[in-house]
Amino acid sequence: MSTWRRVTRTARRTALQAVPSVLAILALNFLLLQLAPGDAADVMAAQTGSPTAQTVLELRSRFGLDAPLLDRLAAYLDNLAHFSLGMSPRFNVSVLSLIGERLPGTLALMLTALGIALVVGIALGAVMARFAGRPLDRAISVISLCCYSIPGFWIGLMLVVVFSVKLDWLPSGGMHSVGIEESGLAALLDMARHMVLPAASLSLFFVAIYARLTRAAMLEAQEQDFARTARAKGLSPSAVAIRHVLRNALIPVTTMAGVHVGALLGGSVVVETVFSWPGLGRLAFESMMNRDFNVLLGILFLSSLLVIVANAGVDILHSWLDPRIEDVG
Amino acid sequence: MALLDVHDLTVAFPSVTAVAGLSFSVHESETLALVGESGSGKSLTALALMGLVPRPGRVSGAVHFGGQDLLALPEARMRQLRGRDIAMIFQEPMTSLNPVLTIGRQIAETLRLHEGLSARAARLRAIELLDLVRIADPGRQVDSHAHRLSGGMRQRVMIAMAIACNPRVLIADEPTTALDVTIQAQVLDLLDRLRRDLGMALILITHDLGVVGQWADRVVVMYAGRKVEEADPIGLLRRPLHPYSRGLLGASPRLQARAHYRLGRLAEIPGSMASALGQAGCPFAPRCDVRQDKCDSVAPALREMGEARLVACPVAA
Ligand SMILES: Nc1ncnc2c1ncn2[C@@H]1O[C@H](COP(=O)(O)OP(=O)(O)O)[C@@H](O)[C@H]1O
Ligand SMILES: [Mg+2]
């Protein structure tokens, strides 16, 4: 079977499997959020300063929060069928436009972090496997263990202290420089400068994971018979390592990368808050504090879509990396 | 003058000396069979010739090939010979091919490395090679992955890969052990035909004396890393001199077909090779049926017994 046919078949299968899971996730999120104490009406009434029971009830009926639970779920799903995620009572704009505003920032941050994690992690893992048991391997291993066990927000704060406060090389937060109108390449470079620290603190944990995974997978693969065959051809150690061993070791590593997209989203809530990065993670945090459940639901819905798309991407990548997949699928 | 001359080859691991002072030579276009039970050091002998003994194994002795000692060559020089002048195929065709690369890419890789062919030329040559090892529809199979092929076909692919650069020596380490009996003869016939057509020397490693009569020009019988007998196959099969060779002959299903049906079982050599460990005298003594007292203390030297015949047993006559 050709690579192309294998890939399209995988893509179709994944899309079909995704629909029921997304619906189930949505309903579950909806019901779980109802368990949280209070709602948007409570929070908004509290912010007026001297709330009366009357104000709360009025607000509640204005936002349709007083209808029975299942009616509200039905209304939500009906909205969804018309490509709407409802309104945010707090901002009084549609959830879709709120999310649309914040999504690019989060996507840029996540993809950059994932890219860094994969490239740096795999490269470090390959180096560790090459020098397994020797001082270089040990040194990287100790450093990666640290990255692995230190919480992301702390790494973020330390990076800010060193690179923004002490050295003043990089901005400590935000996505663009304030008060400077730039466009094109200059704007992009400005954003990249702002992204360095948040992307680094989001990716360090995953760099460590991929380095360790790659190391283990390569050590296993280089003991296999096909690696010996490659050596018997007269290939140099680096050709054996890259063309034969690493190629096989990438399969378990990319599997984990797909699983990690959800974790990256979770991590971005913290990192975006630390670096005041205008993304979905921070929006989610604020919406939770304000009981702005429509926005939160929308973000959760979108996250599950992202995770599913990422896993589909990994499946497709696999059907390209591993020709044995066709017989399993 | 021999093409490949192995002198006093020793491969030692901390736990065991797997090959101990082995000497033999291989001539051009000749098939030399290395025969012995599993664990007698055949694979490590082959890997030592390739310069691929795994760590922490230590190799000593000399392997003369083309006017140089392979064991003394720097690794970079050895890499140029490996796969080009000396090639090897392995026992496990199921796992010896890379699962994620097409077989065409794997064959082409050798050609591009040693002969500097372009990707296109290497691919065309790979198709020719697949045809040469009798793979049907090579133009299509060249893009297959290994998991689509049967064991016999994979071993043919391994052979195609090994002969890609017309090596002068091909080492085949139990090339048929993992295959169905019906396929074994086909693969051995193929190797034999290629040896003749390409003028290669073939080192055929096997634990089955049954294959040597038909496919070998000379036989070296190994036990516990040592050569215990060397002979021409006819002489060996007719009258094995070393008691271990006799035992192997009795244990071969091919040669004892009639006895097998008559008696319902093959004669086994009693005991196991583990008994050779730490043995001061003859390594085979603990299992030998003609053992004498001196065998336990004096390691027997190889004696010439007639033309081109060596045996390491003082009792043999
Ligand atoms: N990597 C290794 N480390 C330690 N001992 C080994 C290793 N490979 C093989 N041996 C030992 O060397 C001996 C010969 O092995 P091998 O050459 O594979 O035998 P054969 O191919 O004749 O079956 C065996 O006793 C085996 O246990
Ligand atoms: Mg072996």
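The expected span of a helix is 1.5 Å times one less than its number of residues, a helix here being a DSSP run of H or I with at least four residues, numbered from the N terminus like the strands (E, at least two). This is a predicted model, in which local features need pLDDT of at least 70, side-chain atom pairs count only at pLDDT 80 or more, and totals for chains, interfaces and linings use all residues. Residues are numbered from 1 along each chain as its sequence is written, chains are lettered from A and ligands numbered from 1 in the order in which they are written, and side-chain values use heavy atoms, with hydrogens and water left out.

Helix 6 of chain B covers residues 151-163; its 13 residues should span 18 Å, and its end C-alpha atoms are 18 Å apart, which agrees. Of these residues, 12 are buried, meaning under 20% relative accessible area with a 1.4 Å probe and protein chains only (exposed is over 50%, partly exposed in between). Among the buried ones are B:Arg154, B:Val157 and B:Ile163. They pack against elements that include helix 7 (181-198) of chain B and helix 9 (225-232) of chain A.

The contact between the chains (heavy atoms within 4.5 Å) takes 25 residues from chain B and 22 residues from chain A. Across this interface there are 3 salt bridges, each a side-chain nitrogen of Lys or Arg within 4 Å of a carboxyl oxygen of Asp or Glu. B:Glu109 forms a salt bridge with A:Arg243, the closest N and O atoms lying 2.9 Å apart.

In chain A, A:Leu167 sits in the loop between helix 7 and helix 8 (184-221). A:Leu167 is partly exposed, its relative accessible area being 38%.
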